[in-house]
Amino acid sequence: MDRDTLLENMKTAVIEGNKQQAEELARKAVEQKEDLLDMIENGFVPGIQKVGDMWEKGDYFLPELIASAEAMKAAMNILQPEMEKIGVKARSTGRVVIGTVEGDIHDIGKSLVSSLLSANGFDVIDLGADVKLTLFIEKAEEVKADLICLSSLLTTTMLGQKRLLNMLSEKNIRDKYKILVGGAPVTRQWSENIGADGYAENAMSAVVEAKKLVDRKG
Amino acid sequence: MGSIPFHRRIYEYPAGIRKNVFRQKKANMPRIKVISGFDIKIDRKKVLYRIGYKSKDLQKKTPLFESFEYADRRFPSLIYPAAVTSLLEAHETNGHPIFTDAKKVALCVCTIGPNLESAVETHVKNNELLYSLVLDGFGSEAVETLARQCAAKISKEAESLGYRSSKRFSPGYKKWPLEQQAFVFEKVPANRIGVHLTPRFMMIPRKSISFRINFYDS
């Protein structure tokens, strides 16, 4: 398969959320000894970008975004180890520490955001659900994160988002990280009141907002 | 019950509820009642809407369609719908304004049990997010359907007692704060159906709904 066909098929596989096809094309690229970074940046990435555009236009909804993210991830799982072997690293959009705050065991919404961020080129460190606030900070410091994403699904646990911001200020490290908050009871008003840098209403807007925040961080 | 591991409790109790046990006193409507025998049918369109697929029909031969087929197959064996209700006299409420003018108040906790969400968690861990999203959507729709059926039964009984019933309201909605879950769980023996409350007022299993219905003079 020539390069252009390969790239076009990769894009289509991601747009259609065809995990199997994405994996096969990634294997094909490895077999053909293609430039794998070129395959990612000009094949799979345009696919996921197109999916984002389709979501913005209202042509795609969350399930399609997830299917596409899964296809992208499946391909990356094949390509990344091969790239590591030759010392090449895919370009990262930013490094994110994400989790659902302590006292809250809702996991799925946060996992969807995590997966979409990953598919859109972020290095994602997913701490899971019911995460101690101190762990968010420890991990962000350890991995030199750009962004901390905090999910809360309860009015009682969203207070944890505020506490984390206070803890960062007390440690004089507030400016090191951009803070993005989300979850069912969370509103833009709330995010502004607690001094967060961004608010995401849904999984894909979290990706859009995360990109903006990382760009702003520079 | 205390010595039975939590994940098994739901299995332990159907034999008891079939006999409609646990009545505190004989009356037209028992003060506390465990209900089972629900028939939960899932409307795919409602699940589609719930997972954010607002205006499109389910297209065949897509990853989403496959996920629906999968969820349809698995879902019936994963749910154990049950409910427990408690009927309070007006003076037995905690005086919160939402009970004003109510002659009686029915409190209800219902659940589909823990197994569906365990299956969802497994899919999340395996990075099968589309399966987890759709199966979780089936679970949410199932517990909503269950709550609707419980509310209908309660309203019917209110009518049979000569009262007019309100709509159902859950803690955390309108003017009834989430912290009022503590009052609901004080009055409703939800452990009878394997539901308990976390210190942050979250119900475990998560696919559970608690609500009140006020009875007024006709």
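Which exposed residues are carried by the face of α5(B) turned away from its buried side? In this predicted model, that face bears Ser118(B) and Lys125(B). Helix α5 of chain B spans residues 115-125, and its buried residues are Leu116(B), Glu117(B), Ala119(B), Val120(B), His123(B) and Val124(B). Viewed down the axis of α5(B), these buried residues fall within an arc of 155°, and they therefore line one face of the helix.

The cover over the buried residues of α5(B) draws on both chains: it includes α5 (108-119) of chain A as well as α4 (63-74) and α6 (129-160) of chain B. Just after α5(B), the backbone at Asn127(B) adopts a positive phi of about 65°.

Chain A is divided into two parts, with domain 1 covering residues 3-85 and domain 2 covering residues 94-217. The centres of these two domains of chain A, taken over C-alpha atoms, are separated by 26 Å. To the contact between them, domain 1 of chain A contributes 10 residues and domain 2 of chain A contributes eight residues.

On the side of domain 1 of chain A that touches domain 2 of chain A, at least two residues are supplied by each of α3 (36-57) and α4 (62-85) of chain A. The largest share of this side, seven residues, comes from α4(A). By residue class, the side of domain 1 of chain A that touches domain 2 of chain A comprises seven nonpolar residues, two polar residues and one charged residue.

Key:
Residues numbered from 1 in each chain as written. Chains lettered and ligands numbered in written order. Predicted model: local features only at pLDDT ≥ 70, side-chain atom pairs only at ≥ 80, totals over all residues. Buried ≥ 20, exposed ≤ 12 C-beta atoms within 10 Å, placed from the backbone. Helix = DSSP H or I, 4+ residues; strand = E, 2+ residues; numbered from the N terminus. Arc of directions from axis to C-beta. Contact = placed C-beta atoms within 7 Å. Domains from an automatic or database assignment. Nonpolar A, V, L, I, M, F, W, Y, C, P; charged D, E, K, R; others polar.
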